[in-house]
Amino acid sequence: TDLALEKVHGDREAWQKVAREHIVVGREKTDCIFAHPIPGKTLAIRHGAVIADQRLILYTAIADAAARRKVPPVQVGFRARAGEKSVESRFAQPSKSGFHVVELRVDELAKGPKEIEIDLETQSAGAQHFCFMLEGE
């Protein structure tokens, strides 16, 4: 499932952006959503509805050029909502080449579309070229 980015919340600097781009991950050019967090602030990304009745799979990565640098990890919050209920996963994105895969079970939520929220935090702006892709099943 390919998702359209609806809205980005949070204070942003001129160099920060959230956009679909081609990023080199694991030595392969990948089409994903690029997001550059700001140190000490939360970048909150909100997606429109995603059809998923069993699980959501989030693929996250740091671009190869940035993964070679020694920087603190990006802290990621991954939430799905349906009505009043939600499920969440929090994890640290490793600063290494290749995709990190996180599965979020949504079968306990109401059937149908899920609202998706992804929050990013970091302590260092140095080369935090984060990108992600999302699938629903």
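A nonpolar core is a set of buried Ala, Val, Leu, Ile, Met, Phe, Trp, Tyr and Cys residues joined through side-chain atoms within 4.5 Å. Buried means under 20% relative accessible area, exposed means over 50%, and partly exposed lies in between (1.4 Å probe, protein chains only). This is a predicted model: local features need pLDDT of at least 70, side-chain atom pairs count only at pLDDT 80 or more, and totals for chains, interfaces and linings use all residues. Residues are numbered from 1 along each chain as its sequence is written, and side-chain values use heavy atoms, with hydrogens and water left out.

Start inside. In soluble globular proteins, nonpolar side chains tend to be buried together. Here the largest nonpolar core has 28 residues, and Leu 56, Phe 78, Ile 118 and Leu 120 touch the most other members. At least two residues each come from β3 (28-35), β4 (43-51), β5 (55-62), α1 (64-67), β6 (74-82), β8 (100-105), β9 (113-121) and β10 (130-136). Helices (H or I, at least four residues) and strands (E, at least two) are DSSP runs, numbered from the N terminus. β6 gives the largest share of this core, five residues. Another core, of seven residues, lies apart from it; Val 25, Cys 32, Ala 61 and Ala 63 are among its members.

Now take Phe 78. Contact means heavy atoms within 4.5 Å. Leaving aside neighbours within four places in sequence, the contacts of Phe 78 include Leu 56, Val 87, Ser 89, Ile 118 and Leu 134. Ser 89 lies in strand β7 (residues 85-93). With 18% relative accessibility, Ser 89 counts as buried. Not counting residues up to four places away in sequence, Ser 89 touches Val 76, Gly 77, Phe 78, Val 102 and Leu 104.

Next comes a sheet. Two strands pair if DSSP finds at least two bridges between them. Five strands form an open sheet, in the order β2-β3-β10-β5-β8, with antiparallel pairing. β2 (18-25) and β8 stand at the edges with a single partner strand each, so one side of each is left without a neighbour in the sheet. β2 and β3 are joined by eight bridges. They form a hairpin with two residues between them, and Gly 26 in the turn has a positive phi of about 60°. Ala 19 has Phe 34 in β3 as its bridge partner. Seven bridges join β5 to β10, and Tyr 59 stands opposite Met 133 in β10.

Which aromatic pair does a search of the whole structure find? Rings of Phe, Tyr and Trp (its six-membered ring) pair if their centres lie within 6.5 Å; planes under 30 degrees apart count as stacked, over 60 as edge-to-face and the rest as tilted. The search finds one pair. The ring centres of Phe 130 and Phe 132 are 6.3 Å apart and their planes are at 40°, so the pair is tilted. Both Phe 130 and Phe 132 are buried.

Finish with charge. A salt bridge is a side-chain nitrogen of Lys or Arg within 4 Å of a carboxyl oxygen of Asp or Glu. The count comes to 12 salt bridges. Asp 53 forms one with Lys 114, with the closest N and O atoms 3.7 Å apart. This pair links distant parts of the chain: Asp 53 is in the loop between β4 and β5, Lys 114 is in strand β9, and they are 61 residues apart. Asp 53 is partly exposed at 27%, whereas Lys 114 is buried at 0%. Arg 79 and Glu 88 form another salt bridge, at 3.3 Å between the closest N and O atoms.
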